[in-house]
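Please open the structure in your viewer and keep the selection tool at hand. The tour moves from one selection to the next.

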Amino acid sequence: MRIFIIHNQYQQRGGEDAVVEQEVDLLKRKNEVQLFTTKNHKGIKGAIQTLLSPYNYFISKKIIKKIVKFNPDIVHIHNLHYSIGPLIVRKINKLGVPMVMTLHNYRLICPSATLSNNGKLYLKSLEENFPWSAVLDRVHNSSYFKTFYLGFTYWLHKKLNTWNKVDRYIVLSDFAKKIITDSTLNISDKKIVVKPNSTFIPDNNVNYQSQHHFLYIGRLSTEKGIEVLLEAFSGTSFKLKIAGDGPLKKLVLNYTAKYSNIEYLGPMLFSDLDKEIRLSSAVIVPSVCYETFGLTIIEAFARHTSTIVSDIGTFKEIVHNDFNGLCFKTGDKNDLINKLKTWSELSEEQKSRIRVQGFNDFMQKYTYESGLERLTEIYQKLLKQP
């Protein structure tokens, strides 16, 4: 199969960029793959990219030229925001090449992309034809103009029926599918298929003795539940290690200076994180927004490490309380403290049972092999359609 992949990289590399790279490497095992990437910029160049995003003829022409030369069986789009823009969807449709798009976030239905604002769920855009509430609430970069322009870009292409020209949408969970189909985007649920993210099977022959501290990995931001996490641990003697970077780094450092049981590891290479995950008693994922998936959760599962997660959105599909992990009430520091106590009071046999079930779930649903098999199945079914 010949597959042409399109991805707009972010200014700061994130999980979405990593997932795309991994997927490309997997597809190359048995297919001919060509990847087109571009990157968002700051300053004047970034401003020009933003202004062109509703109808970027220049980048679309460049991409179409490469597609025609490669002559793919299928085109797979990941991120279009903002230096590529939605026009490329219309151009590919005119070529008649089957087209797939993975929705790694909720940007098509809300300028916030995360369905969160100021650390709280933000669902107003789901019921509005044009996201005026999001504009008034400045959900994108705290800016009226940037939120309006982003909202206008996706609204315009909704009116032009651009989004219905995509043959198949891939979402990462049943929860995300319901969010999309219940919104005003007006995409048929028959066009939307579920394929969760996946990760590699690590070398579990290494022998690290699990310790008694807990671990957080990820962006240090409000929507990730950092404040809830810090408030919970500052009221206990449980030890917490935090790995990552983000806008709330200063807050994290303030807590580490005040509370000896909280330690900041800073941003880390994944090779180092691998060890930290194995050493921790459990990985905590306290998000207060609707994540489209939970990659950190399955990475912990893969290393026989359990997780304690907020009971929100997609997380409830991955983690089942007292079966393959523990769940606490989203945004509730007291319930998080209760779950920390519950986990610590479990016997080693009980903890082992939960860890084993998490690993079994990973092996059954979230390995690279299962992800590649599911993606190939999606492609093949699309190509067989009349």
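Select Leu215 and then Val283 of β12, its bridge partner. The model is predicted: local features need pLDDT of at least 70, side-chain atom pairs count only at pLDDT 80 or more, and totals for chains, interfaces and linings use all residues. Residues are numbered from 1 along each chain as its sequence is written, and side-chain values use heavy atoms, with hydrogens and water left out.

Next, display β9 and β12, which pair in the parallel sense over two bridges. Strands (E, at least two residues) and helices (H or I, at least four) are DSSP runs, numbered from the N terminus; two strands pair if DSSP finds at least two bridges between them.

Now extend the selection to the open sheet of six strands, in the order β11-β10-β9-β12-β13-β14, with parallel pairing. At its edges lie β11 and β14 (326-328), each pairing on one side only.

Then select helix α10, residues 270-279.

Finally, which residues form a nonpolar patch on the surface? Select Ile44, Ile48, Leu52, Tyr57 and Phe58, which together have about 540 Å² of accessible area. Areas come from the Shrake-Rupley method with a 1.4 Å probe, and for residues only the protein chains shown count as cover. Helix α2 gives the most, with three residues.

Methods
Patch = residues over 30% accessible without salt bridge, like charges linked within 9 Å, V, L, I, M, F, W, Y side chains within 5 Å. Salt bridge = Lys/Arg side-chain N within 4 Å of Asp/Glu carboxyl O. Buried < 20%, exposed > 50% of the residue type's maximum accessible area, 1.4 Å probe, protein only.
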